[in-house]
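Please look at the sequence and structure before reading on.

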Amino acid sequence: MNRLLEVRTLGQQIWLDNLSRSLIRDGHLARFVQDNGVAGVTTNPAIFQKAIAGGRYYEDDLARLKVEPITAEARYEQLVIPDVQAACDLLHATWSDTQGEAGYVSLEVSPTLAHDEDGTVAAAHRLHATVARDNVLIKVPATPAGVRAIERLIADGISVNVTLLFSLAQTDAVAAAYVRGLSARAAAGKPVTGVFSVASLFLSRVDTLVDSRLDEMDDGARELRGGTAVAMARLAYQAYRNRFHGEEFAALRAQGARPQYLLWASTGTKNPAYSDLLYVEPLIGPETVNTVPDATLTALLDHGRIHATLESNVVGAQAHFSGLAQRGIDLGAAGEQLQAAGLSQFEAAFAELLAATA
């Protein structure tokens, strides 16, 4: 069996961490969906910056938009929203067949709103209405202001991809906000069915930062290199199971609410000494999503070993975290550092986008 389809039989969705007009118009995305079971697409400012800068299909539209008296951000949105709509249309059958469990395309609010709760809520509503597809997810970063916005958006019935999570503490805060938002929606007499969310936990960047600190320590510490992100994901999944399959969520589940699935992000291996599927093979399990860049998707199709692995060696994951703590590595603080760096990266990519569309 096709390895991606094998993953799906174990309850995990594979999403593509890429979108461009070339993927759509040349038929590549349709083949990924139809032949390989790719069940979603994620985007971010860096992905769109690369697509527009190097994509031959944008030139005519960009030239036309540049003579219109609108802002650079409005031009950017008019370039990329048709791509998001087209991808949503390609994945709509998946969304329909799974009754809203899969088949989503993500579009991010401006990273300049990361610390603006009201601005994020307004932008998310506007983008959701403009895309006008049932299977669009609005991406919101998990800053403190973003977490407050997420709670409000879920209460309003807007499905959300929460992005830039780098720690267990951040992931817990987002899950709690999702439950509060659904609870507020239910208390207002509104349906909780039809609301979907994923919490995107970024992996490779965590190993890159933690490994750099372990490299400066003794041999015992260096043995922990390359294992932090997988351990974090496994512990996050245990917390997910406890929250969404326990008493806290039981009443909402009885009303048809879905759990907030964990999504493994930043899954391209950055260290060439590690397996190219380090963030795929050990993290296969039900009610999860793995969003992969093109190279990781190719590697998975070529030589991926497909087994249910996500709940393996949880004791080892706990021991790994204890080992880091004993050596003074504060993963909560590391998560905050990485989130700030991730925001800066997206802000820089967004600035390049606006420079191109100015």
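## Helix crossing

In this predicted model, helix α9 passes helix α12 in a right-handed crossing. Helix α9 spans residues 168-187 and helix α12 spans residues 228-244. Their axes come within 10 Å and cross at roughly 25°. Angles under 35 degrees count as roughly parallel, so α9 is roughly parallel to α12.

## Contact residues

On the α9 side, the contact is made by L168, D172, A175, A176, Y178 and V179. These meet M232, L235, A236, R243 and F244 of α12. Sorted by class, the contact of α9 with α12 has 9 nonpolar and 2 charged residues, and no polar ones.

## Aromatic pairs

The whole structure holds 9 aromatic pairs. One of them is formed by Y237 and Y240, which are stacked, with 5.6 Å centre to centre and 15° between the planes. Both residues lie in helix α12, 3 residues apart, or about one turn of the helix. Y237 counts as buried because its relative accessibility is 0%, and Y240 counts as buried at 3%.

Y240 also forms an aromatic pair with F244; this pair is tilted, at 5.3 Å centre to centre and 45° between the planes. Y240 and F244 are both in helix α12, 4 residues apart, about one turn of the helix. F244 has 2% relative accessibility and therefore counts as buried.

## Ring cluster

Which residues do ring pairs link into a cluster? The cluster consists of Y178, Y237, Y240, F244 and F249. Among them, Y178 in α9 and F244 in α12 also belong to the contact between these helices.

Technical notes
Residues are numbered from 1 along each chain as its sequence is written. This is a predicted model: local features need pLDDT of at least 70, side-chain atom pairs count only at pLDDT 80 or more; totals for chains, interfaces and linings use all residues. Side-chain values use heavy atoms; hydrogens and water are left out. Axes are lines fitted to C-alpha atoms, for helices over the stretch in contact, and angles run from 0 to 180 degrees between N-to-C directions. Helices (H or I, at least four residues) and strands (E, at least two) are DSSP runs, numbered from the N terminus. Angles under 35 degrees count as roughly parallel, over 145 as roughly antiparallel, 65 to 115 as roughly perpendicular and the rest as oblique. A crossing is left-handed if the near helix is turned anticlockwise from the far one by less than a right angle, and right-handed if clockwise. Contact means heavy atoms within 4.5 Å. Ala, Val, Leu, Ile, Met, Phe, Trp, Tyr, Cys and Pro count as nonpolar, Asp, Glu, Lys and Arg as charged, and the others, Gly among them, as polar. Rings of Phe, Tyr and Trp (its six-membered ring) pair if their centres lie within 6.5 Å; planes under 30 degrees apart count as stacked, over 60 as edge-to-face and the rest as tilted. Buried means under 20% relative accessible area, exposed over 50%, partly exposed in between (1.4 Å probe, protein chains only).
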